[in-house]
Amino acid sequence: MTAVHAPLGERALAILREVFGHAAFRGAQAEIVGHVAAGGDALVLMPTGGGKSLCYQVPALLREGTGIVVSPLIALMQDQVDALRQAGVRAAFLNSTLSAARADAVERALVAGGLDLLYVAPERLLTPRCLDLLGRAQLALFAIDEAHCVSQWGHDFRPEYLQLSVLAERFPGVPRIALTATADPQTRAEIVSRLALAGARVFVSSFDRPNIRYAIVDKDEPRAQLLAFIREEHPGDAGIVYCLSRKKVEETAEWLVGHGIAALAYHAGMDAETRAANQARFQREDGIVMVATIAFGMGIDKPDVRFVAHLDLPKSIEGYYQETGRAGRDGLPADAWMTYGLADVVQQRRLIEQSEAAEDYKRVASAKLDALLGLCETAGCRRVRLLAYFGEAADPCGNCDTCLAPPETWDATVAAQKALSAIYRTGQRFGAVHLIDVLRGKATERTAKLGHDRLSVFGVGAELDEAAWRGVFRQLVALGLAQVDHAAHGALRLTDASRAVLKGERKVEMRRSVARGKGRRPAAAPVGVRGLAAGDRERFERLKQWRRDEAHRQGVPAYVILHDATLAEIAHRRPATLAELAAVGGIGAKKLERYGAALVALARGEG
Ligand code: ADP
Ligand code: ZN
């Protein structure tokens, strides 16, 4: 280890390399570590996967005493502690899952100075007994994870978090660092005031997740599209599929299982036991696809989720970003994939309109939905749109569907006029399906019975196929040029804005619908697991098998032993000696000692 008297920055780097096996700090990590290690308070805003943990773990190791980590995620504490112990860190946790005897042992270790890090559930921490215990221990720092849980407006609100300001009063000399991936200014202000962090330095990172590839495809046959996506892009990978309703969650999971995908379901209507069991399997096993409502959320910190798919439209860009952010926390390439169609717009608008909420709430919800629709319909870079929403400027990313296969746009003014006329001439009483029949001149029982086959608009739109017309109607609604009448079973109506289009005063530009199968990913840049050559891939699979056995033997999740990224690098670089292996990212001193020989043998092709 580096000498105690070496400059702080050097000692921090030494710990990063020797304990965690990483070559360099990322982004603002070095600055944050330096600030907290020197005794300063901090508020850290970093996207999921940005590397928040090291921001308190390294200072806790640098300072005398124990770092106390407050986290609401009890289910994860065991795994977090296991991962730290693998790296040789003296870590433990205190929560309601521990027996009295084991909690006792942890408490004694704390007071005796035998712990580097202690994870504690907030309700436990706030008991007089626990505060008293902390008073008898030497404390390095307090880390308050998921700090947005103080916000009464957010959906992760935890009342106990409101009382955490007591830490500032009881332990004035101990630095506190609050961390969250929630970006908006309102939540930030609430954290500062509720946690008494007015004097803290605020570190705001970019919210970009460059390894996530965003794609939004036209909804055609969503399940078949999903299955094709999983089979072609992510066979055997872990992923999350979000659906709006419990029923759809169950049906989709069942359907995927029927097609040979290892899928599980998760929603708030299931009994707690099944839900917990499914979550644990997802977390611990390789390659499970979790089909879920948004009840499956905070507390998933599986690093190797390779895709997040949406079969239904979320409510806002915030929701979309939070959900897709669960992909690729390990920094390797991952996909955020969504199918989207007119029915989604109709459904979300109806949910807002028919909700019991106050008018101003509905207005906000409606504006948020519009921003999300803008993202869905944009012909420009998705990432630029996303980051702009969070107040960040960016250049086109080259790693989203619109950058990789720029959609054609076309002058849809005439088509829009025809569509709006069809709405008007049929009395503003019909949905898109019937309107498309009328426009395409399809003789159905309904068109005949209603006399719509005698209208001037009948058959005026034969030049576009059905899918193209669906795209036109969807975009008319998304652009506010037509609206959905929920009182009349989703009939389309004109809006104030329609008039200008009908009168030829306003031009309408639209995205051309991308036929299924087209506009898919071109070959990705050779990075991470996906870019491994065939021989390396085989070696990678052998390493994974070894990791599975090892994890099983120790009773920990596979990623706690080593991450995919580390295995991929070993498979590719084939280190022949322990020294070469030590240069691989994610291999610290402890793991080198424990697994070095086995890994070098596997890399050589033995074992
Ligand atoms: P967050 O809590 O912000 O979601 P984590 O702390 O879980 O992020 O880190 C995300 C991933 O990034 C982890 O796999 C971690 O090992 C990795 N990581 C963090 N910092 C570094 C670094 N400086 N170098 C390499 N990998 C890092
Ligand atoms: Zn892009």
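1. Ligand 1 and Gly 50. A polar backbone atom of Gly 50 is 3.4 Å from an oxygen atom of ligand 1. For a polar contact, two N or O atoms must lie within 3.5 Å; within protein, one must be able to donate a hydrogen and the other to accept it, and residues adjacent in sequence count only if both atoms are side-chain atoms.

2. How to read the model. This is a predicted model: local features need pLDDT of at least 70, side-chain atom pairs count only at pLDDT 80 or more, and totals for chains, interfaces and linings use all residues. Residues are numbered from 1 along each chain as its sequence is written, chains are lettered from A and ligands numbered from 1 in the order in which they are written, and side-chain values use heavy atoms, with hydrogens and water left out.

3. Gly 51 places a backbone N or O atom 3.0 Å from an oxygen atom of the ligand. Lys 52 uses its side chain: an N or O atom there is 2.9 Å from an oxygen atom of ligand 1. Alone, ligand 1 exposes 560 Å², and the protein buries 82% of that (Shrake-Rupley method, 1.4 Å probe).

4. The shell. There are 15 residues around ligand 1 (a heavy atom within 4 Å). Ala 24, Gly 49, Lys 52, Ser 53 and Arg 329 come nearest. The shell holds four nonpolar, eight polar and three charged residues. Here Asp, Glu, Lys and Arg are charged; Ala, Val, Leu, Ile, Met, Phe, Trp, Tyr, Cys and Pro are nonpolar; the others, Gly among them, are polar.

5. The sheet. Six strands form an open sheet with parallel pairing, in the order E8-E13-E12-E9-E11-E10. Strands are DSSP runs (E, at least two residues), numbered from the N terminus. Two of them pair if DSSP finds at least two bridges between them. E8 (212-218) and E10 (263-266) are the edge strands, each pairing on one side only.

6. Strand E10. E10 pairs with E11 in the parallel sense over four bridges. Leu 264 has Met 290 in E11 as its bridge partner. Leu 264 and Tyr 266 point one way, Ala 263 and Ala 265 the other, and all are buried (under 20% relative accessible area, 1.4 Å probe, protein chains only).

7. E12 (residues 305-310) runs parallel to E13 (residues 334-340), joined by four bridges. His 310 stands opposite Met 338 in E13. Asp 304 is in the loop between E11 (289-292) and E12. Why does Asp 304 count as buried? Because its relative accessibility is 8%. Its side chain also joins that of Lys 302 in a polar contact of 3.3 Å.

Methods:
Buried < 20%, exposed > 50% of the residue type's maximum accessible area, 1.4 Å probe, protein only.
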